[in-house]
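Grab your viewer and work through them one step at a time.

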Amino acid sequence: MQIAVSGGKGGTGKSTVAINLALELAKHFRLILADLDVEAPNDHLLLGVELANEEPVKQFMPKFDYSKCTKCRKCAEVCEEHAIITLRDGTPFLMPNLCSGCRACEIVCPVPGAIQEAFKVIGHTYVTETPYGFTLVTGKLREGEERSMPLVVETKRRTRKLDYELLVVDTAAGTGNTVSKAIEGSKLLIAVTEPTPLGIHDTELILELGKLMGLKTWVIINRADLGDVNRVEELAEKYNAEVVAEIPYSEAIVKSYVSGRPIVLENVPETKIFRELAKRIVEFLGGGE
């Protein structure tokens, strides 16, 4: 089973929600938390653990054998990313930062061996055992790289090789293709928002995405005492979603965030919110151990 924690706007607290729910749900399921915010993964920081078991993620790049190239320009013509340019005589050159690794150039090349396989490392995946009874799987894009989708795909692929009953996915902000790929296959989408104008705007985007993907969607309003909660509730009703929790602005949560120690380990009122929410998720999923 898989559930996803997402939110249209960055900074709403989705990672805080994800890690604290993971701690509570790990009491009921063999659990993996997957940090698929590959451009800025931070679940390991909030959990106070060091990333481990690094594996590179490689992307195909064409390498031209100019001794075989007939300068037909077909590779450049088929490249939708315009990553291949040609000189006046048809000699091809690659602009690596634009290449998506789609292999279209290799497919259309009429001369065997004129385009050879080469690869570049675009990021890494990690599998880290936490002291909290679950495994953290993380994808991390290399600085300067622009294409995060292959890394999201590879991180989910590495996750599937592991043993678990429940996968909790922590997505990137926004509603782009990497977010839709991350939440794909989820039984439940938990949208974390805040009742600010921008937060409300982006809440509608993630609710729309959940509706398009046919996902059961719950809403958590973070920092609920700092804005218009009624507007969020109206949006949730519009998209047949349910507001399941309101989290007030909390200095205890801020201190937890900074210290790398999840709030559910502390004896504070906020802990009860996460425990009750985890209980609802367990009931929704049909039990656990």
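**Exercise 1.** Work out how much space lies in the second largest pocket and what lines it.

*Solution.* Keep in mind that this is a predicted model. Start with the volume: the second largest pocket holds about 170 Å³ of space. Next, list the lining, which has 13 residues, with G11, G13, K14, S15 and N42 lying nearest the centre. Then sort that lining by class: 7 residues are polar, 3 nonpolar and 3 charged. Finally, ask which element gives the most: that's α1, with 3 residues.

**Exercise 2.** Do the rundown again for the largest pocket: how many residues line it, and which elements give two or more?

*Solution.* The volume comes out at about 200 Å³. Around that space sit 14 lining residues, and T16, N222, R223, I253 and V254 are the ones nearest the centre. Two or more residues come from each of α1 (14-25) and α9 (251-259). Of the elements, α9 gives the most, with 3 residues. By class, the lining splits into 8 nonpolar, 5 polar and 1 charged.

**Exercise 3.** Find the nonpolar surface patch that includes L98, then decide: is L98 buried, partly exposed or exposed?

*Solution.* First, pick out the members: Y66, I85, L87, F93, M95 and L98, which together have about 520 Å² of accessible area. Then place L98: this residue is in the loop between β5 (92-94) and α4 (104-108). Now check its relative accessible area, which is 32%.

Notes
Residues are numbered from 1 along each chain as its sequence is written. This is a predicted model: local features need pLDDT of at least 70, side-chain atom pairs count only at pLDDT 80 or more; totals for chains, interfaces and linings use all residues. Side-chain values use heavy atoms; hydrogens and water are left out. Patches are made of residues with over 30% relative accessible area and no salt bridge: like charges are joined within 9 Å, nonpolar side chains (Val, Leu, Ile, Met, Phe, Trp, Tyr) within 5 Å. Accessible areas come from the Shrake-Rupley method with a 1.4 Å probe; for residues, only the protein chains shown count as cover. A salt bridge is a side-chain nitrogen of Lys or Arg within 4 Å of a carboxyl oxygen of Asp or Glu. Helices (H or I, at least four residues) and strands (E, at least two) are DSSP runs, numbered from the N terminus. Buried means under 20% relative accessible area, exposed over 50%, partly exposed in between (1.4 Å probe, protein chains only). On a 1 Å grid over the protein atoms alone, a cavity is a set of points where a 1.4 Å probe fits but cannot get out, and a pocket is an open set with protein on both sides within 12 Å along at least five of seven lines; lining residues have an atom within 4 Å of a point. Grid points are joined across faces, edges and corners, and a volume is the space filled by probe spheres set on the points. Ala, Val, Leu, Ile, Met, Phe, Trp, Tyr, Cys and Pro count as nonpolar, Asp, Glu, Lys and Arg as charged, and the others, Gly among them, as polar.
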